[in-house]
Amino acid sequence: MKSPEHAEIANRIRSVFVQSLVLNLSPDETARISDLSSVAGLDSLSLLAFVAGLETEFSHQIEPERLKLAFLGDLQALTDYFAQRVRRYY
Amino acid sequence: MNYDLAHRDDASLLHVAFTTFRIGVLILTLAKLSQAQPASVTQALQKTMECKSTPAQTSNHETRIPSPYDRPYQPLPWVTVKDVLWALYLYPGRLLSRIPTLLNLSLNIAGPVVQMLSAPRKDELLQRFAAALGPEKPPSVFVDIARKYIANDIRRVGDDLLLERTNANIRCISFRGREHLDGALADGKGVLLVGLHWFAERAAMRFLTETGYPVMSVRHQEPPDKDMGRLGRRFFQPKYISFLHNVIRDEVFLGDRECALKILGRLRCGGIVSILLDAPFSQQLVELPFLGQTRDIPTGAIHLIRISGCTVLPMLALGHARALKILIERPLTFDRSLPNEEFCQAYLPPLIDILESHVRKYPDQWDCWTKPWKKP
């Protein structure tokens, strides 16, 4: 991770992800998630719940062109994306 | 330009004719094989088919949604009557559709024959009508609805052949509620057309697209067919999938992992998406009363409505491609601040009630009377 801010955003994304998919994971296991798209059970509707969760968490609507599994499954890309958006507010 | 199109039509005609011939030879050969093969050869062929189909299944990353039409595994016959009908529909039928007069004539001839052969199906229909629409009505009413239902089914088969062509020449005789669609599009939040499997659904979507309202349809990629043999599953189903793609064109498949994201993306761009709520293909289903029985209703659409903030318009398509009627109702209102589960409980039943009232009003136009009502 690039900075403590990035690490915090990545943790928030992981936490939203675990809640959206109703995964029964301990905090340690949650912190070890690196590739979101490879998690079993990530189907069309749970992706939708994940998007809704992210948008609520970061109070930002994801642009239509970014609504793709390749982007939403990439933790690094998501972290960079929300880090930029969060920074704009401060 | 015109010359090019005519030339291309001739070439595709020749191609279709040649393929028809090849398929005919293949059917005959396989029919002979299935009758005369020693058991060991049949098993060897079966293994070859299974081996060939495995890589395709594993390489496909899309999730297969369990179908309510799925049956426990049992060896399929090589060729069934349904396979032969599929072959006839996909090859000579498509040839016939090049000459609309001939197609109409064929449908008119086929109509009474199909009505006569559909006696068992009509019995099933009469039972369903009586259970759903009220047993107090005289049986003659249901007999009439069943006759119209079969006629509309035949008509839809012909419509698909017409819709496959670029110039489908759809004739809409009534389009009510266009102002609701225009108003919803002007809001720019995207429009979700919710409806059921009407016989005229595909013609309506195509008409809307051709008149400046491009609609993305959500559908199941592999149309299930319990009467298919191995030949049908192997050759005609893929052909039928590509045929349906030419009919529907702008589509997203339920088995696609990105299905909901694609729909959300289209809605957020201010586009139109059509969802049919009577198809129980989803990872998340709820049981709701529908036409006097219980039916599995997918909840994906209601989650989309909450998340996307789109305008929701109930829609009804009646008639057929040559005499189409479209009715779009007023936009529905939602309190999107409700949590997911509560939102679903609060708004899915009323939405289903609206759609159910459409079926009660136009029972002969709804395609799903003979489909299973609940997953096994």
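## Basis of the description

Two residues are in contact if their C-beta atoms, placed from the backbone, lie within 7 Å. The structure is a predicted model, in which local features need pLDDT of at least 70 and side-chain atom pairs count only at pLDDT 80 or more, whereas totals for chains, interfaces and linings use all residues. Residues are numbered from 1 along each chain as its sequence is written, and chains are lettered from A and ligands numbered from 1 in the order in which they are written.

## Chain B overall

Chain B has 13 helices and nine strands; helices (H or I, at least four residues) and strands (E, at least two) are DSSP runs, numbered from the N terminus. Of its 376 residues, 35% count as buried, that is, with 20 or more other C-beta atoms within 10 Å of their own, against 12 or fewer for exposed and partly exposed in between, the C-beta atoms being placed from the backbone. Among the contacts of chain B between residues at least 6 apart in sequence, 82% join residues at least 24 apart.

## Helix packing around H7(B)

Helix H7 of chain B (residues 139–163) packs against helix H6 of chain B (residues 119–133) at an angle of about 125°, with the axes 9 Å apart. Here axes are lines fitted to C-alpha atoms, for helices over the stretch in contact, and angles run from 0 to 180 degrees between N-to-C directions. H6(B) and H7(B) are therefore oblique to each other; angles under 35 degrees count as roughly parallel, over 145 as roughly antiparallel, 65 to 115 as roughly perpendicular and the rest as oblique. From H6(B), the residues B:Lys122, B:Leu125, B:Leu126, B:Phe129 and B:Ala130 meet B:Phe142, B:Val143, B:Ile145, B:Ala146 and B:Tyr149 of H7(B). This set comprises nine nonpolar residues, no polar residue and one charged residue; Ala, Val, Leu, Ile, Met, Phe, Trp, Tyr, Cys and Pro count as nonpolar, Asp, Glu, Lys and Arg as charged, and the others, Gly among them, as polar.

H7(B) also packs with helix H5 of chain B (residues 100–117), at an angle of about 150° and with the axes 10 Å apart. The crossing of H5(B) and H7(B) is right-handed. H5(B) contributes B:Leu103, B:Leu107, B:Ala110, B:Gly111, B:Val114 and B:Gln115 to the contact, and H7(B) contributes B:Arg147, B:Ile150, B:Ala151, B:Ile154, B:Gly158 and B:Leu161. By class, the contact of H5(B) with H7(B) holds eight nonpolar, three polar and one charged residue.

## The seven-stranded sheet

Seven strands of chain B form an open sheet in the order E1-E9-E8-E2-E5-E3-E4, with mixed pairing; two strands pair if DSSP finds at least two bridges between them. Strands E1 (172–176) and E4 (251–253) of chain B are the edge strands, each pairing on one side only. On average, neighbouring strands of the sheet are turned by 25° against each other, direction ignored. Strands E2 (residues 191–195) and E8 (residues 311–320) of chain B pair in the parallel sense over four bridges, and B:Leu192 stands opposite B:Val312 in E8(B).

Strand E3 of chain B (residues 215–219) is mostly covered, with five of its five residues buried. B:Val215, B:Ser217 and B:Arg219 point one way from E3(B), and B:Met216 and B:Val218 the other way. E3(B) pairs in the parallel sense with strand E5 of chain B (residues 272–276) over three bridges, where B:Met216 stands opposite B:Val273 in E5(B). E3(B) also pairs with E4(B) in the parallel sense over three bridges, and there B:Arg219 stands opposite B:Phe253 in E4(B).

Strands E6 (residues 285–290) and E7 (residues 293–298) of chain B run antiparallel and are joined by six bridges, with B:Val286 opposite B:Ile297 in E7(B). E6(B) and E7(B) form a hairpin with two residues between them, and B:Leu291 in the turn has a positive phi of about 55°.

Helix H12 of chain B (residues 300–308) is mostly covered, nine of its nine residues being buried. The buried residues of H12(B) include B:His303, B:Arg306 and B:Ser308. B:Gly309, which follows H12(B), has a positive phi, near 70°.

## Interface of chains A and B

Contacts link 11 residues of chain A with 17 residues of chain B. Helix H3 of chain A (residues 44–58) gives the most to the side of chain A that touches chain B, with six residues. That side of chain A has eight nonpolar, one polar and two charged residues.

How values were computed. Left-handed = near helix turned anticlockwise from the far one by under 90°.
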